[in-house]
Amino acid sequence: MNKVNCECGHANPEGTILCESCGNPLGDKEKKDTKHLLDMKYEGSARRSQTYKRTFVDKIWNFFSSVKVGVWLIFLTLLASALGTVFPQEMYIPPSVTASQFYKDEYGILGQLYYELGFHNLYGSWWYMILVASIGISLVIASLDRFVPLHRALKKQGVSRHHTFMKRQRLYSSTKTNEYDFELVKERLASRRYHVREENGNLLAEKGRFSRWGPYVNHCGLIIFLIGAMLRFIPGMYIDEVLWVREGETAVIPGTEGRYYLENKDFIMEVYEKDKEDEVFEEAITRVGDGSVVKNFQSDVILYEREGEIVHGAEPKLNKVKEEEIRVNEPLKFDSYSLYQVDYKLNELNKMTFSLINKETEESFGQIQVDLLDPQKEYDLGNGIKVEISTYLPDFYFDEEGVPATKTRIPNNPAFVFKMYTPQTPKGESSFVAIQQTIEPSGENQYKMKFEGIETKDLTALTVRKDLTLWILALGGAIFMIGVIQGMYWNHRRIWIKQHDDEILIAGHTNKNWYGLAKEIEIVVEGTSLSAPKDQKEKE
């Protein structure tokens with residue numbers, strides 16, 4: 001790489017605007033605009049993105065090193081994240097209904113378009129992950145592109161700065177004198193916690209340099225945070241699933257690869273009752289209605305662990321691990337997993353009982369019990385009598401054309417089309433049966449299915465959570481806040497004092513709080529022959 005030699009003898013990397021040693025302007029623009037203040041951003045050091053522009057790697061580096069590109073990537077990611085909240089994500093819709101049908105039925109054309117564009121699983125999509133990864137790449141490249149040359153420039157900065165550098169600083173003054181109380185000024189600077197360096201009668205006083213690294217500490221925290229966020233999409237690192245379990249049922253816990261099972265022994269819900277609560281709550285209970293406010297809902301469960309490997313088609317052998325009561329904010333914890341009580345559903349239809357009867361004599365030929373969640377195709381009543389379910393509509397309604405249809409797969413309003421076979425009717429007869437109603441086709445049927453009763457069960461909804469990335473997110477957040485504090489509450493201040501011909505030049509620079517630096521220099525030179533610097537930006 002070509003070097004740019006300064007008149008002071010220091011060899012600077014190609015693309016350097018201000019000499020790393022003496023600060024003498026080297027760039028063409030800086031030499032021509034002699035009346036303007038120097039751009040002290042990154043100390044005028046050579047950045048890779050401004051020097052290398054030939055190869056494909058250079059172009060990729062230059063693209064991601066741009067702050068504008070980083071801002072646009074963050075904007076696009078935020079916009080995409082907002083689109084993901086317009087409708088519920090696929091993980092939050094009922095498992096008993098297909099995603100495409102759910103979005104179409106619930107939200108119409110917009111929901112269907114939402115599904116077709118892939119927004120239903122947005123946060124796990126490949127293009128969203130590319131956006132997040134691009135932000136991370138931009139942070140890494142932009143930080144390296146600025147940190148390395150800035151660190152090198154600050155490390156190599158000389159004490160004696162070029163008089164042009166001094167005159168084009170924002171805080172500057174010159175005093176026509178050859179003598180001043182050098183030791184007093186030096187002592188005052190040291191008393192104000194400046195690190196003072198001396199060279200040939202010139203001074204450089206500096207403090208708070210570590211505050212310049214605040215933004216880069218921020219970037220490190222964000223990068224770690226993004227790594228933690230992306231690790232959530234690696235199987236086994238993060239699980240956030242919903243488990244619905246009915247009373248008396250045992251279900252495999254999602255995300256455990258069939259290792260753990262949960263039995264819902266009982267679901268308990270308690271409400272506030274006016275006569276049983278303190279007088280303090282009496283008015284509130286009266287206002288909303290007695291028995292309307294839930295006091296507690298909990299699931300009494302048993303946790304099992306599967307023994308041996310999974311054998312498809314065979315009942316798993318389960319060993320009891322523990323028995324627990326799960327309440328809101330009182331989860332069941334085991335092996336990095338947590339089960340939280342989040343929702344419930346009372347009296348869900350579970351089983352329906354029907355009788356096959358003779359319409360004229362009302363004679364019953366037996367009953368069948370239909371499991372609404374897993375109905376059998378055929379029921380044998382003996383003596384050559386059987387009943388088939390030809391159509392099952394879990395959530396029955398008539399569509400716009402008057403055709404029976406179902407809204408969802410959840411048995412909210414079940415209806416059946418039965419096919420009944422007896423020795424007297426070998427070809428079979430049809431009967432349409434819903435809750436408390438029987439609709440028969442035109443023509444005379446000898447038999448019909450009669451609704452006899454229904455069995456309900458309570459359901460509990462548990463959130464299954466596992467997060468092995470939480471400590472990474474916390475670490476990234478903590479480092480980010482350290483960077484915020486580092487850059488917010490401290491500032492990098494430098495004061496140069498140089499003897500040039502028959503003048504004493506004073507210049508000051510800080511990354512913020514110019515007023516504070518100006519007042520500090522005034523205190524340092526007070527009572528000496530030196531003039532306090534003036535803010536030259538006010539003259540522009």
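The model is a predicted one.

The description begins with two helices. Two packed helices are described by the angle between their axes and the distance between the axes. Helix H3, which spans residues 56-65, packs against H6 at an angle of about 95°, and the two axes are 8 Å apart. Because angles of 65 to 115 degrees count as roughly perpendicular, H3 is roughly perpendicular to H6. On the side of H3, the contact is made by Trp61, Phe64 and Ser65. H6 contributes Ser134, Ile137, Ser138, Ile141, Ala142, Leu144, Asp145 and Arg146. By class, the residues of this contact between H3 and H6 comprise six nonpolar, three polar and two charged.

The aromatic residues come next. The structure holds 33 aromatic pairs. One of them is formed by phenylalanine 87 and tyrosine 114, whose rings lie 5.0 Å centre to centre with 80° between the planes, an edge-to-face pair. Phenylalanine 87 belongs to the loop between helix H4 (67-83) and helix H5 (99-116), whereas tyrosine 114 is in helix H5, so the pair ties together parts that are 27 residues apart in sequence. Are these two residues buried or exposed? Phenylalanine 87 counts as buried because its relative accessibility is 13%, and tyrosine 114 also counts as buried, at 6%.

A second pair joins tyrosine 103 and tyrosine 107. The ring centres of tyrosine 103 and tyrosine 107 are 6.4 Å apart and the planes are at 35°, so this pair is tilted. Tyrosine 103 and tyrosine 107 are four residues apart in helix H5, which means that about one helical turn separates them. Tyrosine 103 is buried, with 0% relative accessibility, while tyrosine 107 is partly exposed, with a relative accessible area of 28%. Ring pairs link the residues of both pairs into a cluster: Phe87, Tyr114, Tyr103 and Tyr107 are joined there with Phe102, Tyr115, Phe119, Tyr123, Trp127 and Tyr128.

Serine 160 is located in the loop between helix H6 (126-156) and helix H7 (163-167). The relative accessibility of serine 160 is 18%, and because buried means under 20%, serine 160 counts as buried. Which side chains make polar contacts with the side chain of serine 160? One is the side chain of glutamate 199, at 2.9 Å; another is that of asparagine 202, also at 2.9 Å. When neighbours within four places in sequence are left aside, serine 160 is in contact with Ser21, Cys22, Glu199 and Asn202.

Glutamate 206 has its place in strand S5, which covers residues 202-207. With 7% relative accessibility, glutamate 206 counts as buried. The side chain of glutamate 206 makes a polar contact of 3.3 Å with the side chain of glutamine 157, and a polar contact of 2.9 Å with the side chain of arginine 209. Apart from neighbours within four places in sequence, glutamate 206 is in contact with Gln157, Tyr194, His195, His492, Arg493 and Arg494.

Key. Residues are numbered from 1 along each chain as its sequence is written. This is a predicted model: local features need pLDDT of at least 70, side-chain atom pairs count only at pLDDT 80 or more; totals for chains, interfaces and linings use all residues. Side-chain values use heavy atoms; hydrogens and water are left out. Helices (H or I, at least four residues) and strands (E, at least two) are DSSP runs, numbered from the N terminus. Buried means under 20% relative accessible area, exposed over 50%, partly exposed in between (1.4 Å probe, protein chains only). A polar contact is a pair of N or O atoms within 3.5 Å; within protein, one must be able to donate a hydrogen and the other to accept it, and residues adjacent in sequence count only if both atoms are side-chain atoms. Contact means heavy atoms within 4.5 Å. Axes are lines fitted to C-alpha atoms, for helices over the stretch in contact, and angles run from 0 to 180 degrees between N-to-C directions. Angles under 35 degrees count as roughly parallel, over 145 as roughly antiparallel, 65 to 115 as roughly perpendicular and the rest as oblique. Ala, Val, Leu, Ile, Met, Phe, Trp, Tyr, Cys and Pro count as nonpolar, Asp, Glu, Lys and Arg as charged, and the others, Gly among them, as polar. Rings of Phe, Tyr and Trp (its six-membered ring) pair if their centres lie within 6.5 Å; planes under 30 degrees apart count as stacked, over 60 as edge-to-face and the rest as tilted.
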